[in-house]
Amino acid sequence: MKKNFKVVNNLTPSVDGKGLMQGRHAYADDIAAPNSLVIKLLRSPHAFAKVKSIDVSEALKVPGVECILTKDNVPHVSFTRAGQGYPEPSPHDKFIFDEYVRYVGDEVAAVAAVSEEIALEAMKLIKVDYEVLEPVLDFEKAFENKSVIHPEDGIHEMFPIGFDPKKNLAASYEMEVGNVAEELKKSDVVVEDTFYSQAQAHAMMEPHTCNARLDEHNRLVIYSTTQTPFHMRRILSKTLGLPVEKIRVIKPRVGGGFGGKQAFHGEMFAALVTLRTKKPSKCVFTREEVFGCTYTRHPMRITLKVGATKDGLINAIDCRALSDTGAYGEHALTVFMIVGSKVLPLYNKVKAVKFGGQVVYTNHVSAGAYRGYGAIQGNYAVESIIDELAEALHMDPIKLREINSMKEKETSPIFEIMGEGTEGTAMIMESCKLPYCIKRGRELMEWDKKYPCKKVGDHKIRSVGCAIAMQGSGIPFLDMGSCTIKLNDGGSYMVTVGATDIGQGSDTVISQIVAEELGTTMDKVIIYSSDTDLTPYDCGAYASSTTYVSGNAAYNAACKMRERLIKEAAQELNVKPEDVEFDGKTFTSGESSVTLEDLSVGRLYNNDTRQIAVTESYHGHVSPPPFMAAFGEFEFDTETFEYKMIKYVTVTDCGTTINPGLARGQVEGGVTQGYGMASSEAVIYSPKGKLLSNTFDTYHIPTCKEVGELVSEFADSYEPTGPFGAKSVGEIGIDTPPAVLCNAVYNAFGVRIHSLPITPEKIFEAMKAKK
Amino acid sequence: MLVKFNLNGLDVEYIIKPGEYLLDTLRANGVKSVKKGCDGSACGVCTVLLDDKPVLSCSVLTAKVEGHRVTTVEAIQEEAAALADCFSKEGADQCGYCNAAFALAVHALKQENPNPTDEEIKDYLVGNLCRCTGYQAQQKAIKAYLGGKK
Amino acid sequence: MKAKSFQRVSSVEEAYKLVKESPRNKIVAGGLWLKKGNAEVETLIDLSNLGLDKIEDKKEFVEVGAMVTLRQFEQSKLVPVMAREAVKAVMGPAFRNVATIGGSVYGKFGFSDVVCGLLGYKVELEFYPEGKISLIEYVKKPGFYDGILTHVRIYKEDLKAFFKKVGITALDYPIVNVAVTKGKEYRIAVGSRPLVAFRAEKAEAYLNEGGKDFAKAAELVVEELKFGDSISNKGEYKKQLALTYVRRGLEEVNK
């Protein structure tokens, strides 16, 4: 549905791109208070141990050391570090410092000193007496293991999530629609397979950073690279026993999050150090800490059983998953559920579907939120087994997907059953261009010429693979955003939103929405975001919510402002509001008119003076999924099995692209990040549980030379519940590469690789085994 | 110890520790456009120009730049603005954390090789990691900035 | 890095004197490996003032000062093409503008693409005070010299050359690296096994005596040289890579 937009769906530079490239001080560490105390964290060298005693007396004597925090002098209140709506679906299983340490890198003490050098020197003098315990390092052996990772008192779930720590269970879930066992029995063809995915690292360019200070009201002010400032404020308040109104959390410019900053990192420590010393403090993680002491993706084992008729109609899908949430349970249940809820509805015509399994604790780095949030792990498994089913049916894999996948105006019972840790929300697909995406992508890839593979030289073949995907747009009834618009003299608008821009461009997209609705240009919209004092509430940047939820709030506010301005102008012109026309610059009624500029100046200074401002909110009643069809072409060496990406085609239905350039950026950035998970990002632990792949030398994210030609198109689509027809686009890009690559490898060599990343060496091993 | 060098056209004098790195010296003295990404010689966001050549400032001992010329993005504001325009036309403007380093590297590339091929651009910038864009939009923007290829 | 002092020496004798004074006095060439080592240093000995940053045509050989950066090396028309390719395989330009030839060769790192590439040539190293030693002898000998590497000399030869670094991404450490040259004789070097590149003398002998079966020569390489597991790759796969690329390298230099 093509609409004649003036700002929305037009190429628009981001509001901050130029300033940032020119080097303006904008990121958290750039604006730390000068002479902030530097906080360094003493971390456990053991994967699992009890801290029998800590002696900081020698360390405290070092000149320049101002404060040392340990379990002996901080509040003992359990919380979850996860930034989620309240009550959180993650267990409250973390203390600021506990008497147990649960992974190599778990925090034992925080040292605040006048310099990093002194803090590190003092840290060496802290004596810790550990009782080393037997760690659980195999998630397939974690359930009911004799080593209990969370034996402590004082931890709990906020509502039933299957939390059973005595059995090393952080969460569990089961659901069934229809009778899967019966439908499988009736099926002509049944395929079954198991897939493993790894604990991918976010590897955002900016390390986790925070700083704290007391302002002139003696209130605690925290600058943090957080995706969820409001959740952070609430959690700080409850854990430290400080009223919410005494805390201010500000998110400055953030150098990438991808979910890795949707939880606490150094803020508890900075808050306490500043509260105790009254001095500003900062906590900047090293890259090794970013890799090994924040969060990873949940590694999973997913087993699928799919049954179909000989004509290719899928009868039933049985999906069992086991997820490793590591030392703590942030995002444990919710990521797990999305393996099912944001993948299985793609095949909505099944007669029965079953999804369930467990999320276990292990003594690995804690897993947490990460773009895709379960959908990429699920997509790898489901979109691989669909290809296996196609082969068993002797059917074209694209045709199999076409006849079984979601179409516009259809639904899936899964939407109603599976929500954010609880029940979901039923919804009809008001916009779903998946059939077009598949057809168009197939054309763009020239699939028919290339499938399954072709020899292109001595020892060189090229093959293709495909996958389809869906995600969501915010969490219905839980995610809420709001927006205040204030009229400045001169006719410009000051927009304040809680929405968190972590590089995905929400500041820009929201400004565009406001500019479009108010008929003005981007230079007349000023935006300030993510400050718990100055901006209205927003749940934060997760679940692909900023365009849909925060954008709708901005749209509502802009509509309200338009209404209000027309009322003001009507009063000014002495006519009825319904007789006033507004083109963004001038209000006209018959022969009389007044400009916005004049009206705005008058209202502030000398003409029936008042501040014209509105605030509106939005929470979704549905979560309309974006859809994508992806096709990848790869060239393989038939002796070494090295490969490279030749072309990766995506056709995405995200409704209206509010900012077409940034939307493509989200897709291509997501594809590249997903391709890293598929091809090069191996996670390596030592036998004793220490993360070895903890630098850019040892953990390989794609460079510009690994990315082939990206062809990214958008379907002409319009989501009626979205702002100007938009849905989300932040996560969906990441979901397809693992299955696409897995399918391409199979099409090239006839071997299926069941674990990520799919390395040349694994293909080599599989080919050897095949012989 | 004292170190004297030319920073963005101005002679400066800093008191430093012998084992201090240029990245930390610059940031401690107010030049926060230079970012710390990994402190491990591997990500490129700390890139500055040393005598017009790109170097990893996290890995250059400040003492070694005595008498040399250091350039950060503050000295190439117009070029950075022009590159930013090209970036935004391609949608390559995302989190921005790697951007100042890219601006310097592209500026150095332009001086060294004003008409690079696509491969030459990639080879020159391979050490500048980016996690947001997927690189293609950046490549297109940089080609547009450099004004065409061989 | 923690260091008590930084000294820019004016002679190689001065540098050596400081090295002998304490094991905590460290030579700074580019400083990259020093940074990775994260040692606590007494005196950082900077060699920037010794004029070791030149690449010169010395008739019989090209003489490369130890302080020449990898980037200078890769861009110099005096240096043979394959050696330049091998150096170009290391990280990115901003890294190579800091890293030096001396630093890359002295440490004989297992993963070194520089050492592997140079072993395809007749290369002589000059140390103060130890004097001259061929690169292959230096690589083979246990341990290091405690003196200072001042020059790397690449003898001029008319030869065909091939180099391959296998890695997962462009910035990866190599899974293996392979250098093959054919002039008056064959030279084959395979590194990152995970051990440092060694010459495959049995295979070279077979070829130099007239052997024409390149697949067989590759087999001989893989039999002679030790391959083992590294953290990310098994020796079995490294062997497969070596087999393939030695053979392809021999085909290439015989075109």
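Predicted model: local features only at pLDDT ≥ 70, side-chain atom pairs only at ≥ 80, totals over all residues.

A: What makes A:F477 worth a look is its backbone: phi is positive, about 65 degrees, although the residue is not a glycine. For background, most residues other than glycine have a negative phi, and most peptide bonds are trans.

You'll find B:N8 in the loop between β1 (2-7) and β2 (10-15) of chain B. It has 16 other C-beta atoms within 10 Å, so B:N8 is partly exposed.

Now for the peptide bonds. In chain A, the one from A:Y86 to A:P87 is cis, with omega near 0 degrees. A:P87 belongs to the loop between β3 (65-69) and β4 (100-101) of chain A. Over in chain C, C:R193 and C:P194 are joined by a cis peptide bond too, with omega about 15 degrees. C:P194 falls in the loop between β11 (186-191) and β12 (198-199) of chain C.

While we're in chain C, have a look at C:V221. Leaving out residues up to four places away in sequence, it touches C:I188, C:V190, C:A200, C:A203, C:A242 and C:V246. C:V221, C:V190 and C:V246 are also among the residues with the most contacts inside the largest nonpolar core, which has 386 residues. That list includes A:I39, A:V111, A:V514 and A:A554 from chain A.

As for where the two chains meet, 15 residues of chain C are in contact with 16 residues of chain A. On the chain C side, helix α11 (residues 235-253) gives the largest share, four residues. That side divides into eight nonpolar, five polar and two charged residues.

Back in chain A, helix α9 (residues 375-393) packs against helix α18 (residues 737-749) at an angle of about 30 degrees, their axes 8 Å apart. The two are therefore roughly parallel to each other, and their crossing is right-handed. From α9(A), residues including A:I376, A:Y380 and A:D387 take part, meeting a set in α18(A) that includes A:P738, A:C742 and A:Y746. The residues of this contact split into six nonpolar, three polar and two charged.

Note on methods. Residues numbered from 1 in each chain as written. Chains lettered and ligands numbered in written order. Contact = placed C-beta atoms within 7 Å. Nonpolar A, V, L, I, M, F, W, Y, C, P; charged D, E, K, R; others polar. Core = buried A, V, L, I, M, F, W, Y, C linked by C-beta atoms within 7 Å. Buried ≥ 20, exposed ≤ 12 C-beta atoms within 10 Å, placed from the backbone. Axes fitted to C-alpha atoms, helices over the stretch in contact; angles between N-to-C directions. Parallel < 35°, antiparallel > 145°, perpendicular 65-115°, else oblique. Left-handed = near helix turned anticlockwise from the far one by under 90°.
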